[in-house]
Amino acid sequence: MLELLREVGVELPGGAGLLKFGMTPGEILQLLPPDRVTHHRQCMGLTLGQYAELRHAHDAWLGGLLFEPDWSFDAELDGVVLGFGGGGPGATERLARVEIQARARTDGPEAIPVAWDDIDLFGYPAAEIVAVLPGIAAASDAPPLAEMAVDELGLRLSRAKPTAEHWERVTLFGPGSGSWSACCTGGLVCAEQGDGLVGIMY
């Protein structure tokens, strides 16, 4: 089980250790099995310095689209993929974001539980999770969401389609994400009209 710990980090399965916010890329790589780590080249993402407006870089960072050379690796553990991100401006060398994505597996066991306070965020239907998370005031007849942020917990949940039964991606933000405050109010919401693809697709 991957256990998400608010303002602390992620407890890895099997006693492998704790991914703590504030760690360097090298410290994280020491915890991860080398054969489960994949390093990536810059492709469709831009680096922080290439965004004309900081708010667009923030949107890209929130969505995992910002290319951070020191953090250009992920790791697959028992059916989930972990991605990592440094903090905002002036804090890029320290872990501030952990993204966990469920990967469909047809040739092995199901993905390990990704738990917040013993709630399996991928295992229960999305609507049931929304109903028990604090700070959520969704009307019972409201249309389903493809993405939602729970500021109080530093969580962002998303799925490819609003009609998908389960959440498919969860992002946990640490205290280091506050360095984006020069761009946006709050750690999870960017300025109006922000667009992480500006500079990539246009």
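1. D74 sits in strand β5, residues 73-77 (strands, E, at least two residues, and helices, H or I, at least four, are DSSP runs numbered from the N terminus). Its side chain makes a polar contact with the side chain of H40 at 2.9 Å; a polar contact here is a pair of N or O atoms within 3.5 Å, where within protein one must be able to donate a hydrogen and the other to accept it, and residues adjacent in sequence count only if both atoms are side-chain atoms. Leaving out residues up to four places away in sequence, D74 touches R36, V37, T38, H40, V81, L82, G83 and F84 (contact means heavy atoms within 4.5 Å).

2. A word on provenance: this is a predicted model, with local features needing pLDDT of at least 70 and side-chain atom pairs counting only at pLDDT 80 or more, while totals for chains, interfaces and linings use all residues. Residues are numbered from 1 along each chain as its sequence is written, and side-chain values use heavy atoms, with hydrogens and water left out.

3. On to the packing. The largest nonpolar core has 38 residues, and L2, L4, I28, L82, F84, I100 and V170 touch the most other members. Such a core is a set of buried Ala, Val, Leu, Ile, Met, Phe, Trp, Tyr and Cys residues joined through side-chain atoms within 4.5 Å; buried means under 20% relative accessible area, exposed over 50%, and partly exposed in between, with a 1.4 Å probe and protein chains only. Not counting residues up to four places away in sequence, the contacts of L4 include V10, I100, W116, L155 and V170. Another core, of 14 residues, lies apart from that one, with Y51, A60, A96 and C190 among its members.

4. Now the rings: there are four aromatic pairs. Rings of Phe, Tyr and Trp (its six-membered ring) pair if their centres lie within 6.5 Å, and planes under 30 degrees apart count as stacked, over 60 as edge-to-face and the rest as tilted. W61 and W180 have ring centres 5.7 Å apart and planes at 45°, so they make a tilted pair. That pair links distant parts of the chain, 119 residues apart: W61 is in helix α2 (residues 54-62) and W180 in the segment after β12 (169-173). W61 is buried at 0% relative accessibility, and W180 is buried at 1%. W71 and F73 are stacked, because their planes are at 25° with centres 6.3 Å apart; both W71 and F73 are buried. Ring pairs also join W61, F173 and W180 into a cluster.

5. Two arginines are worth a look in the viewer. The charged end of R97 sits over the ring of W61, 5.3 Å from its centre, and R159 lies over the face of W167 at 4.5 Å from the ring centre. The test asks for NZ of Lys or CZ of Arg within 6 Å of the ring centre and within 35 degrees of the ring normal.

6. Back to α2, where H56, A57, H58, A60, W61 and L62 are buried. The cover over the buried residues of α2 includes β6 (80-86), β7 (95-102), β11 (155-158) and β12. Just after α2, G64 takes a positive phi of about 75°.

7. Last, the cysteines. The whole structure has zero disulfides (a disulfide is a pair of cysteine sulfur atoms within 2.5 Å). C43 is exposed at 67% relative accessibility, whereas C183 is buried at 19%.
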